[in-house]
Amino acid sequence: MAHNRFAGIVLILLGVWFLLPLVSDVELPIREWWPLFLVGIGLASALAGNVRSGLAAIAVGAAFLLFYLDILGPDVASFWPVALIAVGVAMLFGRRRTGSDGAPTAADEISVASLFSESNQTATSDRFRGGDVSATFGSAELDLRNADAADGAATVNASVLFGSIRLRVPPDWAVDVRSSATFGSIESKRTEPAEPRATLTVTGSCLFGDILITS
């Protein structure tokens with residue numbers, strides 16, 4: 001997929017950038033430009049459909065870059081620990097930020113998002129079509145074992161950035177994984193049925209995290 005190729009190209013270029021000074025006499029301003037790594041990850045995540053987490057990574061990378069280039073003055077940059085405090089508060093008190101607490105929902109399309117938190121949702125629709133699941137510095141779970149797919153097919157877009165997603169699929173559903181992982185993993189711990197009742201297509205991307213599919 002296009003966004004996976006983009007992520008791969010970004011990581012290769014950044015790797016070459018950091019490696020050159022170690023294996024040659026080439027001197028590059030690594031200290032000033034390393035935040036481009038965060039910007040690249042953010043762009044790849046945004047292109048994969050995880051827009052909010054992608055923009056967050058881009059913003060953090062851009063802030064560091066402005067500081068190292070002396071565009072952001074030290075009087076402002078000295079307050080960077082406030083960002084750490086904000087992240088800590090979000091991790092402590094943001095566990096229910098999406099309203100997805102595992103309670104069953106009969107919606108045909110659902111959205112589960114986790115940002116510095118845990119989110120989970122159980123689908124019970126008899127016409128389930130799919131939805132979006134994202135985890136950014138957190139974890140998310142979608143349970144489909146009590147759902148029926150509309151016309152025998154459903155699609156879930158799973159996007160991970162420094163997090164994890166677990167998909168619980170009915171044992172008589174087939175799973176077609178069309179996403180890929182960059183410095184992460186996509187693993188299925190289930191036996192595919194010989195005569196599937198429905199097919200779940202999993203799209204999206206996994207950057208520095210994991211997607212686990214079980215029954």
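These legends describe close-up views of strand pairing and salt bridges in a predicted model.

**View 1. Strand β7 pairs with β5 and with β12.**

**View 2. A salt bridge joins Asp151 and Arg127.** The closest N and O atoms of these residues are 3.6 Å apart. The two residues lie in distant parts of the chain, 24 residues apart: Asp151 is in the loop between β5 and β6, and Arg127 is in the loop between β3 and β4. Asp151 has a relative accessible area of 65% and is exposed. Arg127, at 34%, is partly exposed.

**View 3. A salt bridge joins Arg197 and Asp172.** The N to O distance is 2.6 Å. This pair links the loop between β10 and β11, which holds Arg197, to the loop between β7 and β8, which holds Asp172; the residues are 25 apart in the chain. Both are partly exposed, with a relative accessibility of 41% for Arg197 and 29% for Asp172.

**View 4. A salt bridge joins Asp176 and Arg178.** Their side chains meet at 2.8 Å, N to O. Asp176 is partly exposed at 28% relative accessibility, whereas Arg178 is exposed at 51%. Elsewhere, salt bridges with shared partners connect Asp148, Asp172 and Arg197 in one network. The whole structure contains 7 salt bridges.

Technical notes:
Residues numbered from 1 in each chain as written. Predicted model: local features only at pLDDT ≥ 70, side-chain atom pairs only at ≥ 80, totals over all residues. Heavy atoms only, no water. Pairing = 2+ DSSP bridges. Helix = DSSP H or I, 4+ residues; strand = E, 2+ residues; numbered from the N terminus. Salt bridge = Lys/Arg side-chain N within 4 Å of Asp/Glu carboxyl O. Buried < 20%, exposed > 50% of the residue type's maximum accessible area, 1.4 Å probe, protein only.
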